[in-house]
Amino acid sequence: MPMLPSPFDSWDSTLDWLAGAPLRILLILLGALVLRWLVNRSIRTLVSRAVHRADEHERSSIERVLDRATGANLERRRQRALTMGSLLRSISTFVIASITVLTVMAELGLPLAPLLTSAGIGGIALGFGAQSLVKDFVSGIMMIIEDQYGVGDVIDTGEATGTVEEVSLRVTRLRDASGVVWFIRNGEIVRIGNKSQGWAVATVDLQVSYAEDPRRVLPLLQQVVDEIAAEPQWADKLIEPPTVAGVESVSNGAMTLRVFVKTRPGEQYAIPREIRERAKEAFDREGVKGPVVLPFGGA
């Protein structure tokens, strides 16, 4: 007489199946989540330390003192750290997710060779069709790693000059002096002129009459720049006291005096205006004559 199947046999086979592929898949998913958490935590720590160390090495001792006193560049470093951390976390998440999906598919017995072949062909086609997009992203990544510019910097991209308002992996948004907002693809930027890193130098040219004695005029100009450098409101914007270079040129009835001013970034516009205004007042007070305007074609 044939034996009837026991219900315990069916239950045992079910337990065997559950302890096989489903349990391994669950463990794979849990392992992927734990790995992703560990990688993201490590990225946050490493990026913060690396950015801080790089900035400390790149800044001079004078800039460090100014930064501690005014809190400058703190927002710049924070934005850079957040962007680099976001990029690394996205890459790590994509890699972990891809490996996890392929491993789960292998556990389910799905054929991977056709899928990988199709993905490879699709990736090549996408690469040829989106070369400019890939170029933008690669340029954006290198720009962030090398710290070429950041939010708040005044830069010259060749296409436009203005203040950076937003930096992403694909485009840079900046606003020029007229208020126009420019969106520039990172891959199209060939060269960058950053006017906000470290320090800036302003050149101030002042003209007086050809007949004036330089030994009389230059000390007056030196007194003016010394007074400006001694005032707290201007001293905080200077890297070092202004330098009166001397007589730059003599032509067309005018003698040109030159002053060099080394300032903090962004301050190279206000200080020269102050020097010109005070120099004009000092020259008028001491009777220093302005340049002689010669008639057209005359001598």
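How many bridges join S2 to strand S3 (residues 171-175)? The answer is 4, and the two strands run antiparallel; the points below set this pairing in its context.

1. Basis of the note. This is a predicted model, in which local features need pLDDT of at least 70 and side-chain atom pairs count only at pLDDT 80 or more, whereas totals for chains, interfaces and linings use all residues. Residues are numbered from 1 along each chain as its sequence is written, and side-chain values use heavy atoms, with hydrogens and water left out. Helices (H or I, at least four residues) and strands (E, at least two) are DSSP runs numbered from the N terminus.

2. The sheet of 5 strands. This open sheet has the order S4-S3-S2-S1-S5 with antiparallel pairing, where two strands pair if DSSP finds at least two bridges between them. Strand S4 (181-185) and strand S5 (193-194) stand at the edges with a single partner strand each, so one side of each is left without a neighbour in the sheet.

3. Strand S1 (residues 154-156) is joined to strand S2 (residues 161-167) by 3 bridges, and Asp156 has Thr161 in S2 as its bridge partner. Further along, Val164 stands opposite Leu174 in S3, and a hairpin joins S2 to S3 through 3 residues. Between S3 and S4 there are 5 bridges, again with the strands running antiparallel, and Arg175 has Val181 in S4 as its bridge partner. S3 and S4 also form a hairpin, with 5 residues between them, and Gly179 in the turn has a positive phi of about 90°.

4. The sheet of 3 strands. The order here is S6-S8-S7, in an open sheet with antiparallel pairing; strand S6 (200-209) and strand S7 (243-251) are the edge strands, each pairing on one side only. The twist averages 25° from one strand to the next, with axes taken as lines fitted to C-alpha atoms (for helices over the stretch in contact) and angles running from 0 to 180 degrees between N-to-C directions. S6 and S8 are joined by 10 bridges, and Ser209 has Ala254 in S8 as its bridge partner. Helix H9 (residues 270-286) packs on the sheet, touching S6 and S8, and its direction makes about 20° with that of S6; contact means heavy atoms within 4.5 Å.

5. Thr263. This residue is found in strand S8 (residues 254-263) and is buried, with a relative accessible area of 0%; buried means under 20% relative accessible area, exposed over 50%, and partly exposed in between (1.4 Å probe, protein chains only). Not counting residues up to four places away in sequence, Thr263 touches Trp199, Ala200, Lys237, Leu238, Ile239, Gln268 and Ile271. A polar atom of the Thr263 side chain lies 3.4 Å from the backbone nitrogen of Gln268.

6. Helix H6. This helix (residues 131-146) has 16 residues and reaches 22 Å from its first C-alpha to its last, close to the 22 Å expected at 1.5 Å a residue, the expected span being 1.5 Å times one less than the number of residues. Its buried residues are Asp136, Gly140, Met143 and Ile144. Seen down the axis of H6, these buried residues fall within an arc of 95°, so they line one face of the helix; the arc is that of the directions from the helix axis to the C-beta atoms. H6 is followed by Asp147, whose phi is positive, near 55°.

7. Leu35. Placed in helix H2 (residues 21-58), Leu35 counts as partly exposed at 43% relative accessibility. The C-alpha atoms of Leu35 and Ile96 are separated by 8.0 Å, although the two residues are 61 residues apart along the chain.

Note on methods
A polar contact is a pair of N or O atoms within 3.5 Å; within protein, one must be able to donate a hydrogen and the other to accept it, and residues adjacent in sequence count only if both atoms are side-chain atoms.
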